[in-house]
Amino acid sequence: MPLPQFLALLAMSHLSLLLLFSVFSATHALTLPSDVSALQSFKASIKPSSVSPWSCLASWNFSTDPCSVPRRTHFTCGISCSADSTRVISITLDPAGYAGALSPAIAKLTQLTVLDLSDNSFSGYVPSALSSLSNLQILTLRSNSFSGPLPQTITAIKSLESLDISHNFLSGSLPKTMVSLSSLRRLDLSFNRITGTLPKLPSSLSELALRSNSLSGYLLKSSFDGLTRLEVVELSANAFTGPIQSWFFLLPSLQQVNLANNSFTGLAILKPTASDLVAVDLGFNQIKGYVPTNFSAFPLLSSLSLRYNQLRGPIPMDYSKKETLKRLFLDGNFLNGKAPVGFFSRWSGVSGSLGDNCLQSCPTSSQLCLPSQKPNSICKQAYGGKPRS
């Protein structure tokens with residue numbers, strides 16, 4: 001055979017082998033054996049009785065390679081793999097009522113970037129071995145039955161951007177090393193049983209949610225130092241005490257604040273030079289003193305609640321002149337004097353309540369004045385026997 005023809009035939013054979021290998025690779029085992037083993041341990045730790053026939057986990061049949069494609073009958077959902085089909089990079093389970101423990105063997109999935117087991121019935125401790133997942137970016141264990149403390153080792157995951165273990169039964173205090181989570185943007189541990197005080201928080205945070213726990217102590221500036229990106233603070237229904245100091249509402253990116261249902265006793269507000277603050281809820285605390293006039297200086301503020309505290313004195317006239325303010329709840333205090341007439345003009349777009357105070361001239365025909373004002377006897381007692389003024 002002439003040399004040119006031989007070389008052409010050799011090239012065609014080489015191309016055919018490459019095509020054959022690509023087809024073989026798409027349909028045969030490629031997943032790293034340690035990843036397969038970790039998936040097997042993960043599934044084995046889940047109670048078989050909780051795996052419904054229609055669920056994602058029911059399709060996890062290890063007679064087939066987890067990352068092979070196409071996935072027509074096995075591993076139809078629940079995992080994602082790397083582009084070369086060798087590593088598992090995501091586990092996102094369906095909310096099918098899976099029950100059991102989270103196997104520590106999941107730490108062998110060292111390329112995992114997403115672990116989402118939300119809205120199931122997993123229980124037991126959150127394994128400390130998760131700290132080995134050095135590429136993990138999103139950890140979502142929301143709405144399960146995990147208990148015990150948040151493992152301190154979890155703060156070693158420098159890549160973590162979102163941590164959501166809300167609606168569980170976590171207890172104990174937050175790790176003092178939370179600040180080590182240098183990439184964390186979103187933290188939601190709401191609706192647990194966490195105690196203690198707030199540690200120093202990571203400066204990367206934009207959303208902090210710890211609602212309905214048993215956290216206590218003062219809000220300290222040292223916990224919030226450097227949080228220039230913090231937009232949302234949800235700390236309602238805890239046991240925080242002491243004054244809310246002036247630095248807090250001057251955090252530069254703050255937009256929404258909910259500190260309701262705590263035991264705060266004081267409030268200091270300074271005029272901002274610039275602010276994106278839109279909504280503030282400080283209701284159901286023990287805040288004493290006067291309604292802060294300086295809230296009216298926040299240019300975008302549209303919702304303010306100071307309801308059911310121990311505030312006294314008049315309602316600042318500037319509140320009725322603030323065009324951005326659409327919701328105002330000052331009910332359940334001991335405010336006196338006349339309600340600003342601007343609230344009752346036909347151009348006013350404010351809803352809410354000024355009721356259950358000691359106000360004069362709050363027209364009962366206005367929804368803003370409901371419920372009715374306190375009896376005069378209670379108001380006299382609140383002001384040392386002096387009548388409303």
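Reader: Which residue forms a salt bridge with Glu 161?

Author: Happy to start there, keeping in mind that this is a predicted model. Glu 161 sits in the loop between S7 and S8, and its partner lies 24 residues apart from it, in the loop between strand S9 (169-173) and strand S10 (186-188). The closest N and O atoms of the pair are 3.3 Å apart, within the 4 Å cut-off for a salt bridge. The partner is Arg 185.

Reader: Is Arg 185 buried, partly exposed or exposed?

Author: Its relative accessible area is 44%. Buried needs under 20% and exposed needs over 50%, so the class for Arg 185 is partly exposed.

Reader: Which residues are linked with Arg 142 and Asp 164 in a network of salt bridges?

Author: Good follow-up! Side chains of opposite charge can pair when their charged atoms come close. Here the network holds Arg 142 and Asp 164 along with Asp 119, Arg 186, Asp 188 and Glu 207.

Reader: Where does Lys 374 lie, and is Lys 374 buried or exposed?

Author: Lys 374 forms a salt bridge with Asp 356, with 3.3 Å between the closest N and O atoms. Both residues lie in the loop between strand S24 (351-353) and helix H5 (376-382), so the pair ties together parts that are 18 residues apart in sequence. The relative accessible area of Lys 374 is 11%, and the cut-off for buried is under 20%. Lys 374 is therefore buried.

Reader: What is the order of the strands in the open sheet?

Author: The sheet has eight strands with parallel pairing. Strand S3 (99-101) and strand S17 (263-267) are the edge strands, each pairing on one side only. From one strand to the next, the twist averages 15°. The order is S3-S5-S7-S9-S11-S13-S15-S17.

Reader: Which residue in S17 is the bridge partner of Thr 241?

Author: Strand S15 (residues 239-244) pairs with S17 in the parallel sense, over four bridges. The bridge partner of Thr 241 in S17 is Ser 263.

Note on methods. Residues are numbered from 1 along each chain as its sequence is written. This is a predicted model: local features need pLDDT of at least 70, side-chain atom pairs count only at pLDDT 80 or more; totals for chains, interfaces and linings use all residues. Side-chain values use heavy atoms; hydrogens and water are left out. Two strands pair if DSSP finds at least two bridges between them. Helices (H or I, at least four residues) and strands (E, at least two) are DSSP runs, numbered from the N terminus. Axes are lines fitted to C-alpha atoms, for helices over the stretch in contact, and angles run from 0 to 180 degrees between N-to-C directions. A salt bridge is a side-chain nitrogen of Lys or Arg within 4 Å of a carboxyl oxygen of Asp or Glu. Buried means under 20% relative accessible area, exposed over 50%, partly exposed in between (1.4 Å probe, protein chains only).
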